[in-house]
Amino acid sequence: MNAHEIDYQIFGEEMQYVELELDPQEAVIAEAGNFMMMDNGIKMDTIFGDGSKQNEGFLGKVLGAGKRLLTGESLFMTIFSNEVQGKKKISFASPYPGKVIPIDLTRYNGKFICQKDAFLCAAKGVSIGIEFSKKLGRGFFGGEGFIMQKVEGDGMAFVHAGGTMARKELQPGEKLKVDTGCIIGFTQTVDYDIEFVGGIRNTIFGGEGLFFATLTGPGTVYIQSLPFSRLASRIHQAAPQGGGKDKGEGSILGGLGDVISGDNRF
């Protein structure tokens, strides 16, 4: 497997995007909806799967693409190719506020495991597949279910994180406890399991869920401070309910507080 070699640059602070520079005949693959802008001369095509196994027959490509349905993704991916002479640039943006993380697969023995919606784009030749959990506890309670994504190959891939990203280098036997939704991804040498929080008060009133994710080294782990599920939940809680009025969040006076603060909508 030989992925295309691409140069890149990441722009922005809290709302990042990555700009890739493609030489003639170089290409990049991406999930639908992540495209931002591109130079004239780059051709866009929709393909089955990730395009990493061009020598397989039609049935093999369909079966490979079909596995993506298990992670909630589309059967199709988009490939962008530089079809002209000279270097051309193309950019992809994170779908929500956060960081873009470059993953050089050659540094991680050709494989990186990530949550199902973390993948942003990659050099053509990189394979985007699925990683099944072999542990029932992790499958039922690990937040990501039995299935995570795996990115394999020898090229560059890019994943995105919500909020701020933390990178941890775990030593052999070193354990890190993480909220299950805060995991972006980890190298294949990291052991991933779940652990019961424990304690009646913690379980009922803790507000942090019933389980931690436990990541045991050696290996590299990427953690995000604001999972999209947490952001969406807070937005839903703050949204107007029923009759269209908001919940007066942040004020013990509720609706009266809105009037005092100058919001006189009824």
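This is a predicted model: local features need pLDDT of at least 70, side-chain atom pairs count only at pLDDT 80 or more; totals for chains, interfaces and linings use all residues.

Biologist: What makes the bond between Gly217 and Pro218 stand out?

Modeller: That peptide bond is cis, with omega at about 20 degrees.

Biologist: And how many helices and strands does the chain have?

Modeller: Five helices and 19 strands. Of its 266 residues, 42% are buried. Taking contacts between residues at least 6 apart in sequence, 76% join residues at least 24 apart.

Biologist: Which residues have the most contacts inside the largest nonpolar core?

Modeller: Leu20, Phe92, Cys121 and Phe158, in a core of 39 residues. Cys121, leaving aside neighbours within four places in sequence, is in contact with Val18, Leu20, Val28, Ile29, Ala30, Phe92, Ala157 and Phe158. Another core lies apart from that one, with 13 residues that include Ile113, Val178, Phe186 and Val221.

Biologist: Why is the pair of Tyr8 and Phe158 called edge-to-face?

Modeller: Ring centres have to lie within 6.5 Å to pair, and planes over 60 degrees apart count as edge-to-face. Tyr8 and Phe158 have 5.0 Å centre to centre and 75 degrees between the planes, so the label applies. This is an aromatic pair in a structure that holds eight of them.

Biologist: What makes you say that the pair links distant parts of the chain?

Modeller: Tyr8 is in strand β1 (residues 7-11) and Phe158 in strand β13 (residues 156-162), 150 residues apart.

Biologist: What about Phe80 and Phe92, why are they edge-to-face?

Modeller: Their ring centres are 5.5 Å apart and the planes meet at 70 degrees, so the pair gets that label. Phe80 lies in strand β6 (residues 76-82) and Phe92 in strand β7 (residues 88-93), so the pair ties together parts twelve residues apart in sequence. Both Phe80 and Phe92 are buried. Ring pairs also bring in Phe35, making a cluster of Phe35, Phe80 and Phe92.

Biologist: Which residues make the nonpolar surface patch?

Modeller: Phe35 again, with Met36, Met37, Met38 and Met44, over about 440 Å². Strand β4 (residues 35-38) gives the most, with four residues.

Biologist: Where are Gln25 and Asn109, and how do you know they are exposed?

Modeller: Gln25 is in the loop between β2 (17-22) and β3 (27-30), and Asn109 in the loop between β8 (98-104) and β9 (111-114). Exposed means over 50%. Gln25 has 52% and Asn109 has 66%, so both count as exposed. Each also has a positive phi in a residue other than glycine: near 75 degrees for Gln25 and near 55 degrees for Asn109.

Notes. Residues are numbered from 1 along each chain as its sequence is written. Side-chain values use heavy atoms; hydrogens and water are left out. A nonpolar core is a set of buried Ala, Val, Leu, Ile, Met, Phe, Trp, Tyr and Cys residues joined through side-chain atoms within 4.5 Å. Buried means under 20% relative accessible area, exposed over 50%, partly exposed in between (1.4 Å probe, protein chains only). Contact means heavy atoms within 4.5 Å. Rings of Phe, Tyr and Trp (its six-membered ring) pair if their centres lie within 6.5 Å; planes under 30 degrees apart count as stacked, over 60 as edge-to-face and the rest as tilted. Helices (H or I, at least four residues) and strands (E, at least two) are DSSP runs, numbered from the N terminus. Patches are made of residues with over 30% relative accessible area and no salt bridge: like charges are joined within 9 Å, nonpolar side chains (Val, Leu, Ile, Met, Phe, Trp, Tyr) within 5 Å. Accessible areas come from the Shrake-Rupley method with a 1.4 Å probe; for residues, only the protein chains shown count as cover. A salt bridge is a side-chain nitrogen of Lys or Arg within 4 Å of a carboxyl oxygen of Asp or Glu.
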